[in-house]
Amino acid sequence: MFYIPCIKIFVEQREYKNSWPCFILLFLFVFQNSIFNIQIVRFSTALWIAVYSILQVFIRGNKRFLWLPLVTFLVHGSFFFFIASFYLCYFLKNHIKILFYAFIISFFFSTIVFDYLDAFSDYLPPVFQHMVYSYTETDAAEAWMEGTYDKAYSVFLHDKLWHYWECLMIFFIYRVKDHLKEEKDLSLLGFLLGFMTLANLASGIPNMGRFFLVGIPIVAILWLRNRQALKKYDVVIWLIPVVYSYPLLRRYRYLLETTDLTIVSNIIHIFIKNI
């Protein structure tokens, strides 16, 4: 219900052309937040409601959608974090310089927080102590890391690299903030910096790191709308397929293991036949 309208807003931008950079940005916009994974269908649905509300409020200027983030909590309980962050960042969006420095600090904080999470777990509520224990307990970690280096390397490629690339793109967008196309782009950048700051700070809590995913479509549409100002950083766009090559490979392997490819081929045939 919200996935397709979000894509429609993206492709309706005047800057969207039938070109490879735009196709890559569209891929970035949709890939990481799949609605087709049944294991996370509620979270993905709530996420696209969140993205749709952001696009309506900031890109289309429809303030009547300011209530829409409240719906996300009804779909997935963890989105109380998004609701609180949305309204806080909406009111702080004009303090871009402060939010940028907060974003940088929070990014470095989030990269080291797991190293100290176990040490401070005794000070957390019991429910979080159990979650931290399950994430950091030695035997569980050794079981996960069996085969060691290759596993650790794959975790970095699959779970970390795309987030670092997302933060790098935000950094470059901030660098050209004085040349952004419209005032609403500047407001959206301020909101994004504030939200990603809070997401970085919350990433130490198990499962809360998933809220980085909310920022990816926002980064993609901001970059699309301001491609001229960001032209000297085009290499960042061309490297996105490389950054996502391992997640794509993982998804392809999962498809081979769980899907009858004759069904997929029939769907493709029907789609092409009816174009």
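Predicted model: local features only at pLDDT ≥ 70, side-chain atom pairs only at ≥ 80, totals over all residues.
**Exercise 1. Which helices each supply at least two residues of the lining of the largest cavity?**

Residues are numbered from 1 along each chain as its sequence is written, and side-chain values use heavy atoms, with hydrogens and water left out.

Solution. 
1. Find the cavity (a set of points on a 1 Å grid over the protein atoms alone where a 1.4 Å probe fits but cannot get out). A search of the whole structure turns up one of 30 Å³ or more, and the largest holds about 40 Å³ of space.
2. List the lining (residues with an atom within 4 Å of a point): Leu28, Trp162, Trp165, Glu166, Met169, Ile216, Val219 and Tyr244.
3. Assign helices (DSSP runs of H or I, at least four residues). α9 (149-175) and α11 each supply at least two, and α9 gives the most, with four.

**Exercise 2. Work out how α2 and α11 are oriented and what joins them.**

Solution. 
1. Take the axes (lines fitted to C-alpha atoms over the stretch in contact, angles running from 0 to 180 degrees between N-to-C directions). For α2 (residues 20-31) and α11 (residues 212-225), they come within 8 Å and cross at roughly 160°.
2. The pair is therefore roughly antiparallel (angles over 145 degrees).
3. Now the contact (heavy atoms within 4.5 Å): α2 brings Cys22, Leu25, Leu28 and Phe29, while α11 brings Ile216, Pro217, Ala220, Trp223 and Leu224.

Note on methods:
Parallel < 35°, antiparallel > 145°, perpendicular 65-115°, else oblique. 1 Å grid on protein atoms, 1.4 Å probe; cavity = no way out; pocket = protein on both sides within 12 Å on 5 of 7 lines; lining within 4 Å. Points joined across faces, edges and corners; volume = space filled by probe spheres on them.
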